[in-house]
Amino acid sequence: MTSSSNNNIVTSNAELFDSNCNRPMSVEDRAVMTQQLQQKFVEILEILRINPQDPNSADTPRRLAKMWTNELFVGRFTEPPPITVFPNRKNVDELVVSNGIKVLSVCSHHWQPIVGECYIGYVPSDKVIGISKFNRIVDWFSRRGQVQEELGQMIADYIEQMLQPVSLGVVIRAKHYCMISRGVQAHESAQMITSVMRGALATNTASRMEFLSLIESR
């Protein structure tokens with residue numbers, strides 16, 4: 001066991017890494033993590049004075065542990081999704097746009113849901129991918145604790161490295177329940193919008209406006 005020098009929090013010897021980063025773990029290791037989390041959630045419910053015999057809360061620690069390890073934070077612990085890249089045989093040189101990709105993430109500040117949609121557009125160079133693969137990429141990066149600004153950047157970096165497109169745009173529109181359910185208690189329609197533009201979409205106003213108009217027209 002080691003102790004953090006900043007705030008005396010005792011931690012294990014396991015590698016610690018940022019909440020929006022990735023270190024693949026085996027199914028067996030994640031099962032151990034889930035068991036450890038379950039015990040901690042038992043303690044949390046006790047601190048909150050919740051009766052463990054309450055039929056609505058009796059199995060809550062197990063459900064919470066499975067949810068955090070295998071759903072909400074699963075992008076931290078799994079390999080990237082398999083993505084097949086195809087040659088751009090027809091020399092497509094116009095925007096390819098994918099709209100309405102689900103974003104389900106967690107705010108790393110208050111661990112409240114971030115729920116919204118991602119829009120991706122790119123002009124291919126030598127490579128293209130199946131349009132549904134964008135959904136897998138976005139979901140893999142989303143299932144972590146993070147801030148929306150960094151989520152968009154990571155998605156763009158990954159796609160740019162994979163395809164080396166002529167241009168690329170990633171727009172995310174999402175509701176942040178850390179703002180809706182606490183703090184300023186914003187109206188549920190309040191959204192945060194972030195954009196990442198690369199290549200011609202960053203430098204050419206007409207190209208950028210074409211992309212933005214296409215995602216607005218859905």
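This is a predicted model: local features need pLDDT of at least 70, side-chain atom pairs count only at pLDDT 80 or more; totals for chains, interfaces and linings use all residues.
Which residue in strand 8 does tyrosine 122 stand opposite? It is leucine 168.

Now walk across it. Strand 4 covers residues 96–107 and runs parallel to strand 7. Two bridges join them. Valine 106 stands opposite glycine 145 in strand 7.

Strand 4 and strand 5 run antiparallel, joined by nine bridges. Isoleucine 101 stands opposite cysteine 118 in strand 5. Strand 5 and strand 8 are antiparallel as well, with 10 bridges between them. That is where our opening pair sits: tyrosine 122 opposite leucine 168. How many of strand 5's 11 residues are buried? Eight are, and the strand is mostly covered.

Helix 3 comes next, residues 133–142. Its buried residues are Phe134, Ile137, Val138, Trp140, Phe141 and Ser142. What do they pack against? Strand 4, strand 5, strand 6, strand 7 and helix 4.

Threonine 194 is in strand 9. Is threonine 194 buried or exposed? Buried, because its relative accessibility is 12%, and the cut-off for buried is under 20%. Its side chain makes a polar contact with the side chain of glutamine 148, at 3.1 Å. Leaving aside residues up to four places away in sequence, threonine 194 touches Gln148, Glu149, Val170, Val171 and Ile172.

Now the turn between strand 4 and strand 5. These two strands form a hairpin, with five residues between them. Tryptophan 111 sits in that turn, with a positive phi of about 55°.

That tryptophan leads us to the aromatics. The structure holds seven aromatic pairs. One of them joins tryptophan 68 and tryptophan 111. The centres are 4.8 Å apart, the planes are at 40°, and the pair is tilted. Tryptophan 68 lies in helix 2, residues 60–72, and the two partners are 43 residues apart. Tryptophan 68 is buried, at 11% relative accessibility. Tryptophan 111 is partly exposed, at 45%.

Tryptophan 111 has another ring partner, phenylalanine 73. Their planes stand at 80° and their centres are 5.3 Å apart, so this pair is edge-to-face. Phenylalanine 73 lies in the loop between helix 2 and strand 3, and tryptophan 111 in the loop between strand 4 and strand 5, so the pair ties together parts that are 38 residues apart in sequence. Phenylalanine 73 is buried, at 9% relative accessibility. Put together, Trp68, Phe73 and Trp111 form one aromatic cluster.

Last topic: charges. A search of the whole structure finds eight salt bridges. I will show three.

First, lysine 40 with glutamate 43, closest N and O atoms 4.0 Å apart. Both lie in helix 1, residues 27–47, three residues apart, or about one turn of the helix. Glutamate 43 is partly exposed, at 39% relative accessibility.

Then aspartate 59 with arginine 62, at 2.5 Å between the closest N and O atoms. Both are partly exposed: aspartate 59 at 28%, arginine 62 at 32%.

Finally, glutamate 216 with arginine 173, at 2.6 Å from N to O. This pair links distant parts of the chain. Glutamate 216 is in helix 7, arginine 173 is in strand 8, and they are 43 residues apart. Arginine 173 is buried, with a relative accessible area of 18%.

One more point on shared partners. Asp59, Arg62 and Arg63 are joined into one network by their salt bridges.

Definitions and conventions. Residues are numbered from 1 along each chain as its sequence is written. Side-chain values use heavy atoms; hydrogens and water are left out. A salt bridge is a side-chain nitrogen of Lys or Arg within 4 Å of a carboxyl oxygen of Asp or Glu. Helices (H or I, at least four residues) and strands (E, at least two) are DSSP runs, numbered from the N terminus. Buried means under 20% relative accessible area, exposed over 50%, partly exposed in between (1.4 Å probe, protein chains only). Two strands pair if DSSP finds at least two bridges between them. A polar contact is a pair of N or O atoms within 3.5 Å; within protein, one must be able to donate a hydrogen and the other to accept it, and residues adjacent in sequence count only if both atoms are side-chain atoms. Contact means heavy atoms within 4.5 Å. Rings of Phe, Tyr and Trp (its six-membered ring) pair if their centres lie within 6.5 Å; planes under 30 degrees apart count as stacked, over 60 as edge-to-face and the rest as tilted.
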